[in-house]
Amino acid sequence: MSAWLRRSSGRPSYDRTFGDRALAEGCEDMLMGRWEGARDLLAEHPRDDWDRRSHRVRLLADSAAGRRTVDVWHASEPGHPDAAVLRAETEVMRMFGAARAGAPPSADSLDRVARLCLQASELAPVDPQPWVSLVSLGRLYEGGHPDMGYWWKELLARDPYHREGHHQALRHLSARWHGSHGQAANFAWDVVAYVPAGSPLAVLPLVARSEEYRYRVEVEGRTAVGLTYHWNSEAAKRDLRVVLEKWIGARTAEYAQDVADLNQLAHGLVRAGMKREAADVFRTLGNRATRVPWSYAGDPEQLFVFWRDEALAASS
């Protein structure tokens, strides 16, 4: 996900770390070929803060994907758990990069990366991140990987409410990959039924709805049957009310990717015409915006600013 912070001119600017300056420095180090900063960063926070750890690992891996920095670290300290975890996630990023470039990786290449993830899980047995990497990687296998169920079970055993893991599983079940709109929505609703109050996973039904909108626009066009009511139907409003009650109304802690999830909520609320409710979410966000899901309906920067100002005006 990408975030903007407002400049003096009034336009949002990009900050993919969501304000995590230590992470921004670590990513810069990776680009410069320095891995020591990443090692210190991954070691500095509590080992059970899996949400922030996953956010940091993924962004560090994204920065490392086009460099050999993480490979040098892993070669220098082959038994270091964080080096193995980061290298595994970096290889997953490289596989997705190759696929986006029009060169889908072979089954042998995917199997090699899967083995790296499993090796990382052996070095970091309580860490859910290698299993998140596997769940992500599974999307690239034709038809999905036969061990997805096992990988998912191992992930949940380490963190039953892992934010990134659930979002990756939702993508796997979406129509874009190996499932359908119905499967993705059912998964999201099932998750909401069991997560505790205050969990940002309550936003998953909105993510499923956003992904369905994006897919249908790409395949059928913006005039597709039913898209006019995609966000203002009673079902959509019900999902939004559940998020407001189960997450926002019971929110007592901040998570590393709250900016992304709050943007999903703000987007859904304004599209459903619930501007007064959206105003409170925008006040929490400030000027921090993400491209997704705003980009699914047009220019993300313009849409974020327009709807933020509309919502705040409606509540004044």
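**Salt bridges in the predicted model**

Arginine 163 forms a salt bridge with aspartate 261, and the closest N and O atoms of the pair are 2.7 Å apart; a salt bridge is here a side-chain nitrogen of Lys or Arg within 4 Å of a carboxyl oxygen of Asp or Glu. This pair links distant parts of the chain, since arginine 163 lies in helix H9 (residues 163-172) and aspartate 261 in helix H13 (residues 258-271), 98 residues apart. Helices (H or I, at least four residues) and strands (E, at least two) are DSSP runs, numbered from the N terminus. Arginine 163 is buried, with a relative accessible area of 6%, and aspartate 261 is likewise buried at 1%, where buried means under 20% relative accessible area, exposed over 50%, and partly exposed in between (1.4 Å probe, protein chains only). Both residues belong to a network of salt bridges that links Arg58, Glu89, Arg163, Glu164, Arg171 and Asp261.

The structure is a predicted model, in which local features need pLDDT of at least 70 and side-chain atom pairs count only at pLDDT 80 or more, while totals for chains, interfaces and linings use all residues. Residues are numbered from 1 along each chain as its sequence is written, and side-chain values use heavy atoms, with hydrogens and water left out.

A search of the whole structure finds 33 salt bridges. Among them, aspartate 20 pairs with arginine 56, with 2.9 Å between the closest N and O atoms; aspartate 20 lies in the loop between strand E2 (12-14) and helix H1 (21-31), whereas arginine 56 lies in helix H3 (residues 50-64), 36 residues apart.
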